[in-house]
Amino acid sequence: MASCNANKDGQDSILEPLCFPEQQDDSRAPSLHHPSSELLVCLFCSESAPLLQKDVLLKHLLIEHKLVIGDVKLIADLPEYMLYWKGRFLEQPVTDFCSVIKTNSTGPVEKQEDYYLLCDVLPEDRVLREKLQQKRLEEILEQQQKERDDSSFHRLCMFCSEEFTGNRSSLLNHMAREHSFSIGLPDNIVYCNQFLDTLQHKLDNLQCLYCEKTFRDKTTLKDHMRKKAHRRINANNREYDRFYVINYLELGKTWEEVQSEDDRELVDDNDDDWSDWQAHPVSAVCLFCDHQSETMDQIYTHMKEAHGFDLHKLRTELNLRFYQQVKLVNFIRRQIHQSRCYGCQEKFDSRADVLQHIMTEDHVMKLPGMSTWDQPQYYFPTYENDALLCTLSDSDDDEEDEKSHSDGIPVIAEDISNLRALKQTSVLNQLLKNRST
């Protein structure tokens, strides 16, 4: 879900969380929708837009009606979803279904605005999404069965032009056996003809199927794919996801996630040695530049030494709780993204200009009043893969309090060797003695 701080012309609106460029492809869920001319209808008025231009209608809902739909990319049938809620909103007011987010909650009443979030936190919405997902899965399985039973399949091999008729598996098995090119087991594939058309189109355009580079002629392309062992498809290309049944099995999960949950590999695994396990480093991005660090101490040190920004100092001086730190980081990210100085609110033409202004005018540690940034809309991340948010912690005082509370508390092991001593010193025993006296 995206937070928003829209003005009248919508220039500052953020429809969904941004992503840092280096991780953008990994954070996007695969699109499994077929190209369609279906129309999406507004939930409140007569406005509509083609399915392929859904962002236009989502922006309309945000700007004109102050409504945001959570996790749109996970909805199996968006046109059907929109029609359902349009009917429900005609029956009951939107506040009966949506969470209400009030902006500028501590400011004057005339400057407060209510935004509405429609998401699967609502049981009715969750049931609808699951129903649409189940319906699509049934359609996919029906289509797959038709293709498996189809005996009228006729196609030439992409590599040697040998002709195949009957069942699609004969061609797929041939390409895997004779040309070392496998796109998976035939029973795992749906819309096989469209899949093969897509691959053939790339080859006709002299494009490698794996690295997707374009070459000057077919001979060069053939030699490249053979020498580089590129006779396979690019698994990171989301264009292929809709051709694999596994992508339709569970709401919001890609084939990598479903496959990683396969428990069969755990059955015979008796090795409890985790000594070779390595955690993936978390790369946090600086608030003011593109610098990344794999450890949190490094990113804090970089911001302090390179830009003069000391987050620990601000946390201590302002006595910021955890969620206030979250809102502060999101506020600064949002202002810089919109080319606005967070200290004086002056607007600039570009990100580079505002950063130069912040450094030149020494506004790095200059924050506006807490009422400006300590607002509900800044609970939501500006960048959805912002690892800096994962590094925030409560104040040192809280940690010391927790430590002091834990001092003197006896810890009892599960293996109790002297049960009689435990009974004599237990709190319950002491209470019973006090009661009898």
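This is a predicted model: local features need pLDDT of at least 70, side-chain atom pairs count only at pLDDT 80 or more; totals for chains, interfaces and linings use all residues.
Are R129 and D125 buried or exposed?

**Stop 1**

Select R129 and D125 and display their side chains. R129 is buried, and D125 is buried as well. The two side chains meet in a salt bridge, with 2.5 Å from N to O. Side chains of opposite charge can pair when their charged atoms come close. Both residues belong to helix 4 (residues 123–149), and because they are 4 residues apart there, about one helical turn separates them.

**Stop 1: further salt bridges**

Select K304 and D310 next. Their side chains form a salt bridge of 3.6 Å, N to O.

Now select D386 and R333. A salt bridge joins D386 to R333, and the closest N and O atoms are 2.9 Å apart. This pair links distant parts of the chain: D386 lies in the loop between helix 13 (370–373) and helix 14 (396–406), whereas R333 lies in helix 11 (residues 322–337), 53 residues apart. D386 has a relative accessibility of 4% and therefore counts as buried. R333 likewise counts as buried, with a relative accessibility of 4%. To see salt bridges that share partners, select R88, E91 and E124, which are joined in this way into one network.

**Stop 3**

Follow each pairing in turn. Strand 4 and strand 5 (residues 113–118) run antiparallel and are joined by 5 bridges. Select I101 to find its bridge partner in strand 5, Y115; for T103, the bridge partner in strand 5 is E113. The pairing of strand 3 with strand 5 is parallel and extends over 3 bridges. Here V68 has L117 of strand 5 as its bridge partner.

**Stop 2: a residue in strand 6**

Select L156, which is located in strand 6 (residues 153–156). L156 counts as partly exposed because its relative accessibility is 44%. Leaving aside neighbours within four places in sequence, L156 is in contact with S161, E162, E163 and L171. Draw a distance between the C-alpha atoms of L156 and L171: these residues are 15 apart along the chain, and the C-alpha separation is 8.1 Å.

**Stop 5**

In soluble globular proteins, nonpolar side chains tend to be buried together. The largest nonpolar core in this model has 31 residues, and those with the most contacts inside it are L287, F288, F309, L328, I332 and Y342. Helix 9 (296–307), helix 10 (311–317), helix 11 and helix 12 (351–360) each supply at least two residues of this core. Which helix gives the most? Helix 11 does, with 6 residues.

Centre the view on F309. Not counting residues up to four places away in sequence, F309 touches L287, F288, M303, K304, L314, I332, Y342, V364 and M365. Another core, of 30 residues, lies apart from the largest one; V190, L196, F215 and Y240 are among its members.

**Stop 3: colouring by confidence**

Finally, colour the chain by pLDDT. The chain averages 78, and 74% of the residues score at least 70. Where is confidence lowest, and where is it highest? Confidence is lowest in helix 1 (residues 24–27), with a mean of 37, and highest in helix 3 (residues 78–91), at 93. Select residues 262–274: the pLDDT there is below 50, and beyond near neighbours in sequence this stretch has 0 contacts in the model. Over residues 395–417 the pLDDT is also below 50, and that stretch has 6 contacts beyond near neighbours in sequence.

Methods
Residues are numbered from 1 along each chain as its sequence is written. Side-chain values use heavy atoms; hydrogens and water are left out. A salt bridge is a side-chain nitrogen of Lys or Arg within 4 Å of a carboxyl oxygen of Asp or Glu. Buried means under 20% relative accessible area, exposed over 50%, partly exposed in between (1.4 Å probe, protein chains only). Contact means heavy atoms within 4.5 Å. A nonpolar core is a set of buried Ala, Val, Leu, Ile, Met, Phe, Trp, Tyr and Cys residues joined through side-chain atoms within 4.5 Å. Two strands pair if DSSP finds at least two bridges between them. pLDDT is the predictor's confidence in each residue, from 0 to 100.
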